[in-house]
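Trainee: Hi! I'm new to this one and would like to walk through it with you. Can we open it up together?

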Amino acid sequence: MTSSSDVLWEAPDGEHPARRAARRSMTAASAGKRDEWLAAFAADALVEDPVGPSMLDPEGEGHRGHEGIGKFWDDFVGPVQGIRFHVKDSFANGPCCANIATLTMTLGQGATMTVDCVIVYTVDEDGLITSLRAHWEPERAMATLR
């Protein structure tokens, strides 16, 4: 088990490039470090969070490249006051890992929202994320808003 203040890893911890990249991404996001988070991604990477059409991505096409992913951060990650990751399981094979996780986000005025999800990370030969696909249901997350 690996833990930092905002990333709790209770999943299998075998050495795998996609797991390393996932942890780098989560650690940077929980620390509010936009530039470090973006540096974990390949130049033409795709972020789908959540996968498919949603209030965060009405067309469901995702956010591509550092410019698109940076805008996603600016619009939806940066304004969050805190993000805690709890990774409960992780399946790594090929260039990917799929993490079963719960995110707890602290929003304005102390409100919190919990997102239960499966996040699939795919990396290139340099260990940079080429695809982050987060499977979660916005309606279920909104129902946890406190």
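This is a predicted model: local features need pLDDT of at least 70, side-chain atom pairs count only at pLDDT 80 or more; totals for chains, interfaces and linings use all residues.

Trainee: Is Asn99 buried or exposed?
Mentor: Asn99 has a relative accessible area of 1%. Buried means under 20%, so Asn99 counts as buried.

Trainee: What does the side chain of Asn99 make a polar contact with?
Mentor: Its partner is the side chain of Ser90, at 2.6 Å.

Trainee: And which residues does Asn99 touch, not counting those up to four places away in sequence?
Mentor: Quite a list: Trp9, Ala22, Met26, Val87, Asp89, Ser90, Cys117, Val118, Ile119 and Tyr121.

Trainee: Okay, new topic: aromatics. How many aromatic pairs does a search of the whole structure find?
Mentor: The search gives 3 aromatic pairs. One of them is Trp37 with Phe41: the ring centres are 4.9 Å apart and the planes are at 70°, so this pair is edge-to-face.

Trainee: Are Trp37 and Phe41 buried or exposed?
Mentor: Both Trp37 and Phe41 are buried. They also belong to the largest nonpolar core, which has 39 residues, and these two touch the most other members.

Trainee: Leaving aside neighbours within four places in sequence, which residues is Trp37 in contact with?
Mentor: Trp37 contacts Ser25, Ala28, Ala29, Ile69, Phe72 and Trp73.

Trainee: You mentioned Phe72. How are the rings of Phe72 and Phe76 placed?
Mentor: Their centres are 5.7 Å apart with the planes at 50°, so the pair is tilted. Phe72 and Phe76 both sit in helix H3 (residues 65-77), 4 residues apart, or about one turn of the helix.

Trainee: Why does a spacing like that matter in a helix?
Mentor: An α-helix has 3.6 residues a turn, so residues three or four places apart point the same way.

Trainee: What do the buried residues of H3 pack against?
Mentor: They pack against helix H1 (17-30), helix H2 (34-39), S3, S4 and strand S5 (82-93). The buried residues of H3 are Gly65, Gly68, Ile69, Gly70, Phe72, Trp73 and Val77.

Trainee: Let's go to S3, then. Where is Glu48 found, and what does Glu48 touch?
Mentor: Glu48 is in strand S3 (residues 41-48). Not counting residues up to four places away in sequence, Glu48 touches Gly62, Leu132, Arg133 and Ala134. Glu48 is buried, with a relative accessible area of 11%.

Trainee: And Gly62, where is that found?
Mentor: Gly62 is in the loop between S3 and strand S4 (63-64). Its C-alpha atom is separated by 9.9 Å from that of Ser131, although Gly62 and Ser131 are 69 residues apart along the chain.

Trainee: Which peptide bond is cis?
Mentor: The bond from Asp49 to Pro50 is cis, with omega near 0°. Pro50 also lies in the loop between S3 and S4.

Trainee: What about Gln109, what is its phi?
Mentor: Gln109 has a positive phi of about 55°, although it is not a glycine. Gln109 lies in the loop between S6 and strand S7 (112-123), and is exposed, with a relative accessible area of 86%.

Trainee: Last topic: how many disulfides does a search of the whole structure find?
Mentor: The count is 0 disulfides.

Key: Residues are numbered from 1 along each chain as its sequence is written. Side-chain values use heavy atoms; hydrogens and water are left out. Buried means under 20% relative accessible area, exposed over 50%, partly exposed in between (1.4 Å probe, protein chains only). A polar contact is a pair of N or O atoms within 3.5 Å; within protein, one must be able to donate a hydrogen and the other to accept it, and residues adjacent in sequence count only if both atoms are side-chain atoms. Contact means heavy atoms within 4.5 Å. Helices (H or I, at least four residues) and strands (E, at least two) are DSSP runs, numbered from the N terminus. A nonpolar core is a set of buried Ala, Val, Leu, Ile, Met, Phe, Trp, Tyr and Cys residues joined through side-chain atoms within 4.5 Å. Rings of Phe, Tyr and Trp (its six-membered ring) pair if their centres lie within 6.5 Å; planes under 30 degrees apart count as stacked, over 60 as edge-to-face and the rest as tilted. A disulfide is a pair of cysteine sulfur atoms within 2.5 Å.
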